[in-house]
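The stops below are given in the order in which to select them.

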Amino acid sequence: MFKGLFQFIFGLIRLVFFLALFVVIFHTWVIKQVLTFSLSYQLGADVAIRAVKMDWKNTGFEIQGLEIGNPYSFPRGTLADIPLIIVSLDLPSISKGVLRLKALGFDLQELQVMNVPQKGLNLLALKVLQKKEQEDSGSLSRQVARDQIKKYTPEVMIDELVFSLGEISYLDMSGPALKQTRYRAGIRGATYYDL
């Protein structure tokens, strides 16, 4: 009887050890996959991430080589090229219902805005920028569900926001001739606090 109990306990310890080892080895891969799929779903566009690096000391992570494609209803192409995003979280604030970012920084190297006939601007076609359709008054249960979700959604605070913006290209296909314009924003290290 004791032999079986010891085997069970030893097997459980071995399972916990291998799971912890798996998490330590593949944590960046898991974070990369979660970020790719969640961003793609939230934006309604293809998203590619080259690498994710963890910063355990500052409880944050670094996203390298983020490319956001055009929304699915537009021609294939790149909407935004963001070579670097840095996020630093305040983990104790999450237990208080607040998502507090100690630092958020990103470098938007190139933004390619496109105006397509009958579709409009590709930037405005992203899911997060679309206006929510007004629902009729008969959907009281949906409104109650939304109120419950908002009640448990954490408040987001950003202590420091640092961003850079390189080039913006605008391609207008709505007229008789294709028209392309490039703007050099030249914003480097713009910093805002307590957002």
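A residue counts as buried when its relative accessible area is under 20%, as exposed when that area is over 50%, and as partly exposed in between. Keep these cut-offs at hand for the stops that follow, and bear in mind that this is a predicted model.

**Whole chain**

Start with a cartoon of the protein chain, which has 3 helices and 8 strands. Followed from the N terminus, the elements run α-β-β-β-α-β-β-α-β-β-β. The chain has 195 residues, and buried residues make up 29% of them. Among the contacts with a separation of 6 or more, 55% are accounted for by residues 24 or more positions apart.

**Serine 169**

Select serine 169, which is placed in strand E7, residues 160-172. Is serine 169 buried or exposed? Its relative accessible area is 5%, so serine 169 is buried, the limit being under 20%. Now show what serine 169 touches, leaving out residues up to four places away in sequence: Glu110, Leu111, Gln112, Val113, Gln180, Thr181 and Arg182.

**Glutamate 110**

From that list, move to glutamate 110, found in strand E4, which covers residues 98-116. Its side chain makes a polar contact with the side chain of glutamine 112, at 3.2 Å. With residues up to four places away in sequence not counted, glutamate 110 touches Leu79, Ala80, Asp81, Glu167, Ser169 and Arg182.

**Arginine 182**

Next, select arginine 182 and display its side chain. Which residues does arginine 182 form a salt bridge with? One partner is glutamate 110, with the closest N and O atoms 3.2 Å apart. This pair links distant parts of the chain, as arginine 182 is in strand E8 (residues 179-193) and glutamate 110 is in strand E4, 72 residues apart. Another partner is glutamate 167, where the closest N and O atoms are 2.5 Å apart. Here arginine 182 in strand E8 is linked with glutamate 167 in strand E7, 15 residues apart. Arginine 182 has 46% relative accessibility and therefore counts as partly exposed. Glutamate 167, with a relative accessible area of 25%, is also partly exposed.

**Aspartate 90 and arginine 100**

A search of the whole structure finds 6 salt bridges. For one of them, select aspartate 90 and arginine 100, whose closest N and O atoms are 2.4 Å apart. Aspartate 90 lies in the loop between E3 and helix H2 (91-94) and arginine 100 lies in strand E4, so the pair ties together parts that are 10 residues apart in sequence. Colour the two by accessibility: aspartate 90 is buried, with a relative accessible area of 15%, whereas arginine 100 is partly exposed at 26%.

**Largest pocket**

Colour the lining by residue class: 23 of its residues are nonpolar, 2 are polar and none is charged.

Technical notes
Residues numbered from 1 in each chain as written. Predicted model: local features only at pLDDT ≥ 70, side-chain atom pairs only at ≥ 80, totals over all residues. Heavy atoms only, no water. Helix = DSSP H or I, 4+ residues; strand = E, 2+ residues; numbered from the N terminus. Polar contact = N/O pair within 3.5 Å; in protein donor to acceptor, adjacent residues only side chain to side chain. Contact = heavy atoms within 4.5 Å. Buried < 20%, exposed > 50% of the residue type's maximum accessible area, 1.4 Å probe, protein only. Nonpolar A, V, L, I, M, F, W, Y, C, P; charged D, E, K, R; others polar. Salt bridge = Lys/Arg side-chain N within 4 Å of Asp/Glu carboxyl O.
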